[in-house]
Amino acid sequence: MGPQPTSRDATEASQATEATEPTEAIELLFEPIAIGGAMARNRIALAPMTSCFAEVDGKVSDRLVSFLEARAKGGAGLVMTEGAAVDARGRGWTNHLSVYDDTFRPGLARLAGAIRAHGSLAWMQLMHNGRRTVSAVTGVQPVSSTAQRSPGASWEVPHRLSTAEVHDVIGLFVAAIRRAAETGFDGVELHGGHAYLINQFLSPSKNDRDDEFGGDPVGRARFATEIIRRAHAELGDDYPVGVRLSIVEFEPGGITLPDTLSMVTILEAAGAAYIDGSAGVSTLTKELKWTTGEGEATLSEYAVQVRNQLTNIPYMTVGRVLRPATAERLLRDGVADIIGIGRAMVSDPEWPNKARSGQPFMMCIGCNGCQQRSVHRQSGCPVNVNVGHEYEYTPIRAASPSRVLVIGSGVGGLACALAAARRGHATALADGEFPFGGLLGLRATVPFNEEIAESLEMFRTQLAAAGVTRLAAGDPAGDLGPQIAAWDPDVIVDATPGEPLRTAVPWRAHDLERVMSGQVGAAELGQTVGVIGSSYAAVEAALRLASDGHDVTVLGDARAFARDTHPQLAYRAVERLEKAGGRLLPSVSYLDLVARARGVPAKAEPFRPRIENAADLDFDSVVQGIGWSNAPRDLGVDNLFTNRANYYVGDTYNPWEQRFVAERGAEFGLRV
Ligand SMILES: Cc1cc2nc3c(=O)[nH]c(=O)nc-3n(C[C@H](O)[C@H](O)[C@H](O)COP(=O)(O)O)c2cc1C
Ligand code: SF4
């Protein structure tokens with residue numbers, strides 16, 4: 001239960017925000033709350049999110065400051081950094097924000113100052129990757145509570161910390177807390193979830209110790225409780241040290257809800273300022289319902305029990321809270337005292353201010369484009385192209401405004417048109433032969449992707465506000481020519497996808513984009529439909545067709561499907577397709593199909609067929625879902641490009657690539 005704020009604190013906190021009056025329905029969300037010795041102006045906390053925006057050596061960068069500052073300006077009560085490394089051995093990736101020595105102080109002080117300047121509490125999450133790292137990043141063997149490797153992962157065999165070494169690492173956490181406090185952070189959170197070092201002590205499946213840091217829950221929690229106890233001894237009991245836990249790990253032998261209930265009692269008694277309840281051993285945990293179409297606040301059934309276990313400290317819940325009404329309901333129903341918002345505040349940093357004023361906001365589409373650090377890439381977002389570019393993407397008024405036509409309203413076209421219009425160019429957007437949203441618009445027609453429609457609605461609002469003229473959809477050779485001639489642009493930006501990739505098949509074939517945009521009717525398609533391709537696009541197209549009542553089989557040349565995007569999206573799409581009755585055939589040699597299409601007799605085929613019953617396969621028609629070429633498609637209007645500047649931005653179906661296409665579009669729009 002959250003302690004009540006004093007009236008003095010509440011007045012100070014409410015003075016710290018310039019947001020407008022609360023709407024009738026959303027009230028509890030904007031009540032101040034005391035967290036240890038700190039007072040937040042409202043119940044909204046930016047959840048910790050690794051962005052890889054720090055410098056390669058872990059120092060604070062302009063990009064990181066601009067990202068977090070924008071969320072503070074957007075009205076969050078508390079803005080938390082991503083997990084900062086307390087030990088050089090605990091770094092997990094390049095650009096891992098760090099706090100393990102004094103050289104990091106100036107940047108951290110700048111970061112805390114930028115957050116606090118907008119009235120938010122500046123909060124630092126502290127982490128040590130333990131065995132979830134590799135020597136290629138740290139230069140040394142990983143360390144852990146155990147000498148066991150993470151099962152099923154490619155991490156290295158860790159060094160098991162001796163008892164004395166555990167005390168040393170506790171000292172590193174405490175030194176980091178001191179640095180955070182001294183550089184202006186109002187509080188810290190220990191990252192005790194997601195299979196990182198603190199969790200490697202807390203979790204029964206990862207702690208096989210027989211010293212004081214292992215055994216029963218008290219022993220397993222001792223690593224965390226000692227950090228809190230020693231930090232309070234040095235900095236005073238008021239300095240808030242919260243703990244993030246994976247309240248359910250969903251893995252054999254891992255943390256269960258009853259474990260968590262005893263653990264939080266121990267942590268509260270040790271002086272934890274609050275508990276932040278996440279879940280899973282990583283954000284890839286299958287049981288986590290954190291992608292599109294899975295509902296909101298999906299941890300509530302566990303969260304409410306953990307919150308009830310606490311006697312005097314607040315509980316923060318996270319996990320797909322997308323709408324202000326959901327956040328308000330969680331507070332009203334006693335599920336939590338603080339609402340941690342991650343991706344919804346990536347897609348719209350102004351989410352808190354808009355929640356307060358009732359304005360529409362940009363909906364997160366759950367694509368996990370922001371979460372690509374497995375390949376050490378910096379974060380980004382297809383529906384909010386400013387992520388990580390908050391300082392750079394400020395539109396500068398064009399010295400001599402031009403007439404700009406963007407063809408294709410995919411994420412690249414949208415970002416380009418918005419940037420060009422905001423710079424003062426007369427800008428028009430033609431959908432070309434696609435629905436609004438281009439390939440994202442096609443994704444919106446697939447079951448479970450409802451959030452995409454909400455995001456596209458917000459794009460419509462943004463285009464109108466920026467003064468972009470919308471030209472109707474039409475086929476390229478037909479309507480596009482007159483549209484270009486009528487708009488008479490100086491600059492044309494082609495933001496349509498490349499030509500569809502196709503293979504020869506022995507059946508009637510249609511391009512995926514034509515099928516999904518409704519240009520091929522159900523009767524023309526027939527009842528039994530094959531989809532050629534292993535990509536996410538092929539699986540989603542099949543899901544759409546299966547839901548429309550077709551008998552669908554996906555023929556993929558790879559060994560697994562949808563590997564071109566975030567694993568959680570991939571297995572969800574496959575799972576949904578199978579539930580809808582779709583069939584997936586992996587490792588199909590397309591040469592088998594080509595040979596049949598060319599009439600080559602089976603025994604004369606030069607390659608051994610990899611489908612057992614290749615010759616028996618039969619479909620009324622197939623959908624070409626291999627993908628799109630990187631080269632621009634023929635729009636059939638080449639003559640109208642003469643004497644006009646033209647650029648190619650393209651479009652993509654792949655949720656992981658969409659953010660890059662969006663960034664490319666924005667950059668053209670900002671330079672034109
Ligand atoms: C890009 C990204 C990076 C993340 N990095 C961290 C992290 O550094 N520390 C952490 O505890 N959780 C991390 N998480 C998990 C989030 O804090 C949050 O619990 C999760 O995204 C669910 O909340 P949401 O649905 O509001 O995004 C990350 C999530 C995302 C999307
Ligand atoms: S990248 Fe995707 S998941 Fe991440 S915030 Fe943006 S829309 Fe949401």
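Two strands pair if DSSP finds at least two bridges between them. Helices (H or I, at least four residues) and strands (E, at least two) are DSSP runs, numbered from the N terminus. The model is predicted: local features need pLDDT of at least 70, side-chain atom pairs count only at pLDDT 80 or more, and totals for chains, interfaces and linings use all residues. Residues are numbered from 1 along each chain as its sequence is written, while chains are lettered from A and ligands numbered from 1 in the order in which they are written.

**View 1. Overall form and domains of the predicted protein.** The protein has 22 helices and 22 strands. Its C-alpha atoms fill a box of roughly 80 × 65 × 45 Å along the principal axes. An automatic or database domain assignment supplies the domain bounds: domain 1 covers 22-363, domain 2 covers 403-491 + 653-671, and domain 3 covers 509-624.

**View 2. The contact between domain 1 and domain 3.** The centres of domain 1 and domain 3, taken over C-alpha atoms, are separated by 42 Å. In this contact, 4 residues of domain 1 meet 5 residues of domain 3 (contact: C-beta atoms, placed from the backbone, within 7 Å). The domain 1 side has 2 nonpolar, 1 polar and 1 charged residues. Ala, Val, Leu, Ile, Met, Phe, Trp, Tyr, Cys and Pro count as nonpolar, Asp, Glu, Lys and Arg as charged, and the others, Gly among them, as polar.

**View 3. The sheet E15-E14-E13-E16-E22.** This open sheet has 5 strands, and its pairing is parallel. Strand E15 (469-471) and strand E22 (645-648) are at the edges with a single partner strand each, so one side of each is left without a neighbour in the sheet. Neighbouring strands are turned by 20° against each other on average, direction ignored (axes are lines fitted to C-alpha atoms, for helices over the stretch in contact, and angles run from 0 to 180 degrees between N-to-C directions). Strand E16 (residues 491-494) and E22 are joined in the parallel sense by 4 bridges, and Ile-492 stands opposite Asn-646 in E22. Helix H13 (residues 411-422) packs on the sheet, touching strand E13 (403-407), strand E14 (426-430) and E16. The direction of H13 makes about 165° with that of E14.

**View 4. The sheet E17-E21-E18-E19-E20.** Here 5 strands form an open sheet with parallel pairing. The edges are strand E17 (509-511) and strand E20 (583-585); each has a single partner strand, so one side of each is left without a neighbour in the sheet. On average, neighbouring strands are turned by 25° against each other, direction ignored. Strand E18 (residues 528-532) runs parallel to strand E21 (residues 621-624) and is joined to E21 by 4 bridges; Val-531 has Val-623 as its bridge partner in E21. Helix H19 (residues 536-547) packs on this sheet and touches E18, strand E19 (551-555) and E21. The direction of H19 makes about 170° with that of E19.

**View 5. The residues around ligand 1.** Ligand 1 is surrounded by 25 residues, the closest being Ala-47, Met-49, Thr-50, Gly-342 and Arg-343 (C-beta atom, placed from the backbone, within 6 Å). Strand E4 (78-85) and helix H11 (343-347) are the elements that give two or more residues to this shell. By class, the shell has 9 nonpolar, 12 polar and 4 charged residues.

Definitions and conventions. Two residues are in contact if their C-beta atoms, placed from the backbone, lie within 7 Å.
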